[in-house]
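These are my notebook entries on what I looked up in this two-chain model, set down in the order in which I went through it.

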Amino acid sequence: MQRSVLIRTILFSIAIVVALIYLVPTFVSKDKLPSWWTSVLPTDQINLGLDLQGGSHLILTVKVDKAIENNVERVKEDLAKALRERGISGASVERQGTQIELKFPAASAEQLRGVLKGDFGNFTEVKTQTSGGTTELLLSMSKQELKSLRDYAVDQSLETIRNRIDQFGVSEPTIQREGQEDILIQLPGIQDPERAKEIIGKTALLEFKFVDDTASVEDAIRNGPPPGRQVLYGHAGKGEGGIGAEKTAYVVESPTLMTGEYIADARVRPGAQLQGPYVELILNPGGARLFEQITAANVRRRLAIVLDNRVYSAPVIQERIGGGRASITGSFTIEEARDLAIILRAGALPAPVEIAEERTVGPSLGSDSIHQGVVSFIVGSSLVILFMLIYYKGAGLLADLALIFHVLFLLAILASFKAVLTLPGIAGIVLIVGMAVDANVLINERIREELRLGKSARAAIEAGFQHALPAIIDTNVTTFLSGVILYQFGTGPIKGFAVTLCIGILTTVVTAVFMTRLYYDYSIARRRLTQISI
Amino acid sequence: MELIKPGTKIQFTKYRHVAVALSSLVNLTVLIFLFIHGPNLGVDFAGGTLVQLKLQDHVAIPDVRSALGSLATGDTVIQDFGQQGFNEFLVRMEKPSVEIGTLGEQIRANLSKRFGEKGFEIRRVESVGPKVGEELRQKGMWSVIGATAMMGVYIWLRFELRFGLGAIVSLIHDALVTIGALMLAHYEFDLTIVAALLTIVGYSVNDTVIVCDRIRENMRKIKRESLESIINTSINETLSRTIITVSTAIMVLVALFFLGSAVIRPFAFALLVGFFSGVYSTIFIASPVILLWETKKRK
C-alpha cells in the first residue's frame, strides 16, 4: 500500500475516534460516565439553547441618564448646603437636566468660586453671564466624567441584578453587559418568568419620609401638593387586604430621611395571626444610629416607608427605635415577602431599567421543537441518502458514508466548542445535510464527464477531483462568508444557525473531498479499480 | 442514472430577452409592493409582543379573544398556529411588554378565569421594544445588502468583473423573488427570514460560481466560438449538477417545512423559493448580464 494512503487512513481513523469520544458526553449524562472517563476524557457537550430547553432571554436597558440626574441632584443639594454654611446669601441653585444652574449676587462671586473649586471641582463652568448685579453660572460635568458615571451605573446595575438572580436561585444564568447601556440576561429553565422579571426589574429605591398629616389629601390631589410636599400612592400587595391599597393617597414631605443603602440584611418574618408575613430590615451600625436619631426626635409622627414611589406602610412612631431594626408590612403573600426581601438585600439599582427585549419559551415547546427537528432530520437525510444511492450507485454509497461522517464530525465539533444548539441551529444541521453532498455531486458529475471522454477509471478520478476542486472551494467559501455575516448580525438563536452552517461547511469539505479521495486512492493502490460504479 | 443526457444543447440564451423581461416585471412588482404596502413585519422588527398559547380543548379564535378580555384591543391579532388540531394560537399585540407591564401574569389571570388553571399553557412570549426593533431592522437590511455585495466582489476577484456583476444582479433577483413570495404567502418578516435571505445569497451564488468556472474553462478550450455559444455549452454541461445539488437541498427543506417546528416554517419556505430562484437566475439572469457586458464592450 502507498505510504500516503496509509498515513491518511490513520489520520482519518484517529479523527473518527476523537469525534466519537467528544460526542459521548452529549448523549450519555455526566453522572453515568465512569470516573476514569471524566478525569481524562472531555466532558464538554452540546448545550441546548433557551428556545429548546425553555427559559427566558431578557435585554434590559439601564436608563443611565436618570442615574446621572440623580447624581447631579445630590450634588445640587450638597452645593446648596455648602453655600448656606458659608453664609453666601441670595444664591439659588437649580438642576437643569444634568447641569446645575447657579444664580447669585455678583458681589459674592469670589467667595462662591472658592466653594466651587474646593468640593465641586469635577464641575466646570460652561456658561457665565452677568447682568444687573446678578451672575448666572451653568455648571456641567466633563464628558469623561459623564461617561464614567454612565459606566458605573450600568456596572452597578449588573452587579445588583446578578445578586438578585443568585438569591432568587436560577441555575447557570448568564448576566452580561451588552453595548453601551444594555444588560443581557439569560435564565435557562425558569418556571415563573413573570416573577423573575419583577425581581430583576424593580429599582427598589427604599426611602423613609414623613407623612404630613396637616395637609389635606384631597386638596393636594386636586390643586397639586403644597411646596416641599408630594403625593404618593399606596402599594397593593397580593395578600389579604391588599386590594384597593393603590388608591390610598398620602401627602409626604419631599426630603428623604434615609434610604435603603443602610440595609445590612432583610428577612421574611411570619406575621401575627390574620396578618400576612412582613419583611424585617436589619440596618448596619450607621443606619441604626441614624434611625434612632430620627425616631427619637419624631415620636408620634407618621413615618412612610416608600419603595419605588409607592407607600408600603406609614406607621406612627411610638417611641425611639434602637437596635437598627425596622419592618415593612403591606399585605404580602409569602412569595411577595420573599421576593421583596431578596430585592432589599441585593440593594437598589442606581437607575431604573427597562425591558427592551424578552423571549421566553416554555419547556414543553422546546421538547416539541427538538422532536420535530429530529423527525425532519431523519426524513430529510433519508431522502438524500436514498437519492444519492439510486443516482450514483457505488459513488452514491461513498457520498452517503461521507455524509454520515460529516454529521458525526459536525456534532463532535459543536460539542467540543460547547456550542449552543438552537431551533434554527437544528434547521441548520438539517439544511447542511442537503448541501453536504454537493461536493460529491460536483466530483461525480465531473468523473462521469471524464469517463465519457474515454479516460480510464484512474485518469477520470484524477481529472474529476482536479477540475472539481476549485469550484468546490469557491462555492463553500461563499456560503461560509454569508454564515460569518449572519453570525455578526444575528442574536442568540440565529447565531446558533450561523455556527452550524459555518462548521458544517468545513466538515463537508473534509469528508466529501478528503474521505472519498482516500477511498479511490486506496482502491487504485490495491489495483482493484478498473471500473467505477457511478 | 442520468437526469440530463450528455450532449444536451438547449439554447438558453435565446430565451434571455423573455426571461429578463419577465423577471424585471416580477422584481418591479415586488419593489412597488414593498414601497406601497411594506413587508409584514414580525415583532422582531416592528416591536410588540407575541404570545403563543396552547389550549387543552378545542376553541375558536373569537373565544380566545373574549377570554383575553380587555387585553385584546383593536390592534390585537389572534391566529391559528402550528398543526391542525393542536389548539395553538398566536396572539400578537403591538405594544411591547414593557408598556403593558406584567403581561404574562395578566394573560394568565384572564385565561384561567375562562379555561381553568390547567386548561391552557403559555408556550412562548416574545417582546421587543421599538428601539431594538428599529435597530434589528437596520442591521438585517444592511447585512443582506453587504453579503450580496461581498459575493459580487468575491466572484470579481476569483473570475472577472462582469461575472461579479452578473452574480450581484441575479442575487438581487433571488432576494426580491423570495421577499415577494413571503409577502404573497402572508408570512411575517423576522430574524429567521433574514437568516434565510443571507443563506440564499450565500448558496444561490454557488450555481453562478459553477457556471462561471465552466465558462472560463471553455473560453480557454474553445477559442473559435462566440461567447454566447460558450455560455450555452457551459450551462448545458453543468445543468445536471445544478439540478441535483439543488434537489438534495430541496429534499431536506421539504422535510423541514412539513415536519419541522412551525416556528421554522417561514424560514424553510423562504429557502425553498430562494433556491429555486437561484437556479433560474443563474441560467437566465447572470448569463445575459455577462453577455450584455460583452456585447457593449465590443461596440
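I began with E14(A), which pairs with strand E17 (residues 325-328) of chain A in the antiparallel sense over four bridges; strands and helices here are DSSP runs numbered from the N terminus, with at least two residues (E) for a strand and at least four (H or I) for a helix. I counted two strands as paired if DSSP finds at least two bridges between them. In this pairing A:Val279 stands opposite A:Ile328 in E17(A). E14(A) (residues 278-283) is also joined to strand E13 (residues 263-269) of chain A, antiparallel, by six bridges, and there A:Tyr278 is the bridge partner of A:Arg269.

Before going further I noted the ground rules. The model is predicted, so that local features need pLDDT of at least 70 and side-chain atom pairs count only at pLDDT 80 or more, while totals for chains, interfaces and linings use all residues. Residues are numbered from 1 along each chain as its sequence is written, and chains are lettered from A and ligands numbered from 1 in the order in which they are written.

Next I looked for sheets in chain A. I found an open sheet of six strands with mixed pairing, in the order E11-E10-E16-E15-E9-E12; its edge strands, each pairing on one side only, are E11 (249-253) and E12 (258-259) of chain A. Within this sheet I checked E10 (residues 229-234) and E16 (residues 310-313) of chain A, which run parallel and are joined by two bridges, with A:Gly234 opposite A:Val311.

Which strands form the sheet of eight? I read the order as E7(A)-E8(A)-E2(A)-E18(A)-E4(B)-E1(B)-E3(B)-E2(B), an open sheet with antiparallel pairing. The edges are E7 (174-178) of chain A and E2 (77-81) of chain B, each of which pairs on one side only. From one strand to the next the twist averages 20 degrees; angles run from 0 to 180 degrees between N-to-C directions, and axes are lines fitted to C-alpha atoms, for helices over the stretch in contact. Where the chains join in this sheet, E18 (residues 353-361) of chain A runs antiparallel to E4(B), with five bridges between them, and A:Glu358 has B:Ser127 as its bridge partner. On the chain A side, seven bridges join E2 (residues 55-62) to E8 (residues 182-188), again antiparallel, and A:Leu60 stands opposite A:Ile183.

I then asked which helices lie across these strands. H6 (residues 143-168) of chain A lies across E2, E7, E8 and E18 of chain A and runs at about 170 degrees to E7(A), whereas H6(B) lies across E2 and E18 of chain A together with E4 of chain B, at about 70 degrees to E18(A).

The contact takes 59 residues from chain A and 58 residues from chain B. On the side of chain B that touches chain A, H8(B) gives the largest share, 14 residues, and by class that side has 31 nonpolar, 17 polar and ten charged residues. Ala, Val, Leu, Ile, Met, Phe, Trp, Tyr, Cys and Pro count as nonpolar, Asp, Glu, Lys and Arg as charged, and the others, Gly among them, as polar.

H8(B) and H9(B) pack with axes 9 Å apart at an angle of about 135 degrees, which makes H8(B) oblique to H9(B). The residues of this contact divide into seven nonpolar, five polar and four charged.

Last, I noted that chain B has ten helices and four strands. The domain assignment of chain B, automatic or from a database, gives domain 1 (12-42 + 132-298) and domain 2 (48-128), and their C-alpha centres are 39 Å apart.

Methods. Contact = placed C-beta atoms within 7 Å. Parallel < 35°, antiparallel > 145°, perpendicular 65-115°, else oblique.
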